[in-house]
Amino acid sequence: MKISEKAKRIWKYIGIAVMVIIAITAIAAIWNRWFSTTRVAFINYQVTTLGEISKANDNPFVSIEELSLDNLNDIDDYDMVFVNAMGIRLTEAQREKIQMAGWTGTNILTSMSVNPDNYIVSVDSVTADTLNAYLRGATRQNYRSMLSYVRQHVDGKIIFKGEIKEVTPAPEGMFSHPDIEHPDDENVYFDKIEDYEAYLSRHGLMPQGAPRIIVTGMMGNPDDLVIALEKSGNVVYRVSQSLAGFIDTISAKRPDMQFNAVVNLAHGRLGDKAVDWLTNQNIPLFNTLSVNRLTSEWEEDKQGMSGGFMSQSLVTPELDGSIRPYVLFAQRINDEGIHEQYTIPERLEKFVAAVNNYISLQHKANKDKRIAIVYFKGPGEQTLTASGLAVAPSLYNLLTRMRQE
């Protein structure tokens with residue numbers, strides 16, 4: 001049977017189309033296998049940790065994403081999945097989904113597991129040890145190398161691989177400070193107060209006669225606070241380790257050194273040793289608060305905080321004499337869609353102004369201070385009492401003592 005010229009042309013076009021489809025499919029497969037973006041998911045990671053990993057990621061071909069336990073159906077879409085098992089609560093169905101993903105080829109690494117059933121690892125032991133070492137290093141350089149390692153050796157990509165450096169231990173010291181010369185790098189650390197002050201002096205951050213403020217505690221990221229306090233004319237001592245250890249150092253080396261304020265970022269108590277020192281030195285103690293949700297969610301909540309979180313954040317620090325508890329840190333979603341902790345700019349400005357105002361009171365005569373006393377009273381003609389406290393006599397005693405001073 002003779003094929004017409006028209007039919008020949010049709011079959012030719014079909015053949016070309018098939019070859020084009022095959023070529024496109026091959027190119028897509030090659031791109032996906034060797035060149036495409038490496039997608040890395042993190043399950044149950046703290047906002048502070050994930051925020052640092054996100055900041056460390058400078059490779060546009062590595063995508064970092066949060067994966068919630070409610071969206072485990074998407075787990076197979078990722079090239080690498082990190083699971084933080086500390087405090088995680090997996091249902092049997094969720095555990096099976098993660099295990100099945102590992103069995104079918106998804107690279108999974110679980111760390112901090114206290115429940116053997118939750119220890120789900122599908123990468124080989126060398127890869128697991130390497131990635132865990134980078135995680136323990138907990139610096140941006142280590143996180144950056146970890147992501148590069150994932151792209152090269154786990155996902156097998158051959159372009160935009162990033163640089164893999166040896167694991168370096170996390171820096172530590174009694175004092176830390178944002179790196180003035182390299183703001184995007186890790187903080188710089190110092191063991192000795194003399195070295196810390198020398199660093200401040202080299203960068204013009206120790207004006208003579210300026211108030212001295214201690215910033216301590218590990219909740220929130222204090223960098224913006226430290227910089228804002230310095231810009232407003234203070235010398236800031238960022239104590240990275242325990243305040244008690246700093247007090248020992250000061251008491252031994254510089255017993256006459258005076259401080260004007262302490263800002264504690266941690267929620268909870270400082271301990272009797274620190275409280276006694278603050279009392280003897282007559283140093284006001286401020287505590288900042290960090291809310292573990294988006295700023296918009298916190299602002300829309302009329303109650304703000306409640307239960308144990310309120311007790312730990314407000315009531316307990318007041319036992320140490322803390323004043324003016326103030327929300328300074330919250331969460332936001334960055335450009336990668338990752339929740340990260342940040343300092344709320346407008347609240348930072350108000351908080352720094354308040355601390356400076358309290359410090360200014362230390363140089364003002366009592367007779368020149370203006371004080372407002374606010375008390376609570378029930379509606380109507382109810383007596384002035386507050387949980388059994390006789391308000392009127394108490395106010396009288398307070399005013400009498402204030403007149404004496």
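User: What counts as a pocket here, and which residues lie nearest the centre of the largest pocket?
Analyst: A pocket is an open set of grid points with protein on both sides within 12 Å along at least five of seven lines, and a lining residue has an atom within 4 Å of a point. The model is a predicted one. The largest pocket has 47 lining residues. Those nearest its centre are T48, E52, G220, N221 and P222.

User: Which element supplies the largest share of the lining of the largest pocket?
Analyst: The pocket holds about 1500 Å³ of space. Elements that each supply at least two lining residues are α2, α5 (140-154), α7 (223-231), β10 (285-294), β11 and β12. The largest share, six residues, comes from α2.

User: How many residues of that lining are charged?
Analyst: The lining of the largest pocket includes 15 nonpolar and 18 polar residues. The charged residues number 14.

User: Which element gives the most to the lining of the second largest pocket?
Analyst: About 570 Å³ of space lies in the second largest pocket. Its lining has 17 residues, and Y358, L361, N366, K369 and I371 are the closest to its centre. At least two lining residues each come from β11, α12 (345-361) and α13 (391-404). The element that gives the most, with four residues, is α12.

User: Is strand β12 largely enclosed or open, and why?
Analyst: The cut-off for a buried residue is under 20% relative accessible area. In β12 (residues 339-343), four of the five residues are buried. The strand is therefore largely enclosed by the rest of the structure.

User: Which residue of β12 stands opposite A330?
Analyst: β11 and β12 run antiparallel and are joined by five bridges. They form a hairpin with five residues between them, and G337 in the turn has a positive phi of about 80°. Opposite A330 stands Y342.

User: Is R324 buried, partly exposed or exposed?
Analyst: R324 lies in strand β11 (residues 322-333). Its phi is positive, about 50°, although R324 is not a glycine. Most residues other than glycine have a negative phi. With a relative accessible area of 36%, R324 is partly exposed.

User: Which residue has a backbone oxygen 2.7 Å from a polar atom of the N59 side chain?
Analyst: N59 is in the loop between α2 (47-56) and β2 (62-66), and is buried with a relative accessible area of 12%. Leaving out residues up to four places away in sequence, N59 touches R151, F160, K161 and G162. The backbone oxygen at 2.7 Å belongs to F160.

Note on methods. Residues numbered from 1 in each chain as written. Predicted model: local features only at pLDDT ≥ 70, side-chain atom pairs only at ≥ 80, totals over all residues. Heavy atoms only, no water. Buried < 20%, exposed > 50% of the residue type's maximum accessible area, 1.4 Å probe, protein only. Contact = heavy atoms within 4.5 Å. Polar contact = N/O pair within 3.5 Å; in protein donor to acceptor, adjacent residues only side chain to side chain. Pairing = 2+ DSSP bridges. 1 Å grid on protein atoms, 1.4 Å probe; cavity = no way out; pocket = protein on both sides within 12 Å on 5 of 7 lines; lining within 4 Å. Points joined across faces, edges and corners; volume = space filled by probe spheres on them. Nonpolar A, V, L, I, M, F, W, Y, C, P; charged D, E, K, R; others polar.
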